[in-house]
Amino acid sequence: MQKKKLRISKKTFITPDTLDLECTLIEPESLDFLPGQFISIGIPPAEGEERGVQRAYSIASSPTLEGGKKLVLCIKIVEGGKASDFFKDAPEGTELEYLG
């Protein structure tokens, strides 16, 4: 399966431990999906680690959001979780690879 790219375009904490992550697709520029499908995002390794991790997230937006060029992921922040720590600190504009 070919890796694709997206960019974090907006982060909104809807509760202290729930993050809405709006993403703009880079490669390809749009994605056909059905509501409830998921993508697997590659989380880069933390400083001092050799390998990153992959985490699956359900798509929480409509497939028609900006013509399929954006998607929203609703992420539960888990204390001490590698992906959670990454997403809490990742600035808007961060680019990531995904499978889906």
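Visitor: Does Ser84 count as buried or exposed, and how do I read that?
Guide: Buried means under 20% relative accessible area, exposed means over 50%, and partly exposed lies in between (1.4 Å probe, protein chains only). Ser84 has a relative accessibility of 7%, so Ser84 counts as buried. One caution before we go on: this is a predicted model, where local features need pLDDT of at least 70 and side-chain atom pairs count only at pLDDT 80 or more, while totals for chains, interfaces and linings use all residues. Residues are numbered from 1 along each chain as its sequence is written, and side-chain values use heavy atoms, with hydrogens and water left out.

Visitor: Where is the place of Ser84, then? And which residues is Ser84 in contact with?
Guide: Helices (H or I, at least four residues) and strands (E, at least two) are DSSP runs, numbered from the N terminus. Ser84 sits in helix H1. Contact means heavy atoms within 4.5 Å. Setting aside neighbours within four places in sequence, Ser84 is in contact with Lys76, Ile77 and Val78.

Visitor: On to the sheet. What order do the 6 strands have?
Guide: Strands of a sheet pair through backbone hydrogen bonds, either parallel or antiparallel. Here, two strands pair if DSSP finds at least two bridges between them. The 6 strands make an open sheet in the order S4-S3-S6-S1-S2-S5, with antiparallel pairing. S4 and S5 are the edge strands, each pairing on one side only. From one strand to the next, the twist averages 40°. For angles, axes are lines fitted to C-alpha atoms (for helices, over the stretch in contact), and values run from 0 to 180 degrees between N-to-C directions.

Visitor: How many bridges do S1 and S2 pair over?
Guide: S1 and S2 pair over 9 bridges, antiparallel. A hairpin of 2 residues takes S1 into S2, and Thr12 stands opposite Asp20 in S2. On to S2 and S5: 7 bridges join these antiparallel strands, and Cys23 has Leu71 in S5 as its bridge partner. S3 and S4 also run antiparallel, with 6 bridges; look there for Phe38, opposite Ser58 in S4.

Visitor: What about the largest nonpolar core: how many residues does that have?
Guide: A nonpolar core is a set of buried Ala, Val, Leu, Ile, Met, Phe, Trp, Tyr and Cys residues joined through side-chain atoms within 4.5 Å. The largest one has 24 residues, and those with the most contacts inside it are Leu21, Ile39, Ile41, Leu71, Leu73, Ile75 and Phe87. Elements giving two or more residues to this core are strands S1 (4–15), S2 (18–27), S3 (38–43), S4 (53–58), S5 (70–76) and S6 (95–99), plus helix H1 (82–89). S2 gives the largest share, 4 residues.

Visitor: How many aromatic pairs does the count come to?
Guide: A pair of aromatic rings is described by the distance of the centres and the angle of the planes. The rule is that rings of Phe, Tyr and Trp (its six-membered ring) pair if their centres lie within 6.5 Å; planes under 30 degrees apart count as stacked, over 60 as edge-to-face and the rest as tilted. By that rule there are 2 aromatic pairs. Tyr57 and Phe87 are edge-to-face, at 5.7 Å centre to centre with 85° between the planes. This pair links distant parts of the chain, 30 residues apart: Tyr57 is in strand S4 and Phe87 in helix H1. Phe86 and Phe87 are also edge-to-face, at 5.4 Å and 70°. Ring pairs link Tyr57, Phe86 and Phe87 into a cluster. Phe87 has a relative accessible area of 0%, so Phe87 is buried.

Visitor: And how many salt bridges does a search of the whole structure find?
Guide: A salt bridge is a side-chain nitrogen of Lys or Arg within 4 Å of a carboxyl oxygen of Asp or Glu. The search finds 7. One of them joins the side chains of Glu95 and Arg7 at 2.9 Å, N to O. Glu95 in strand S6 and Arg7 in strand S1 are 88 residues apart, so the pair links distant parts of the chain. Glu95 is partly exposed at 44%, and Arg7 is partly exposed at 31%. Glu66 and Lys70 meet at 3.8 Å, N to O; Lys70 is buried, with a relative accessible area of 15%.
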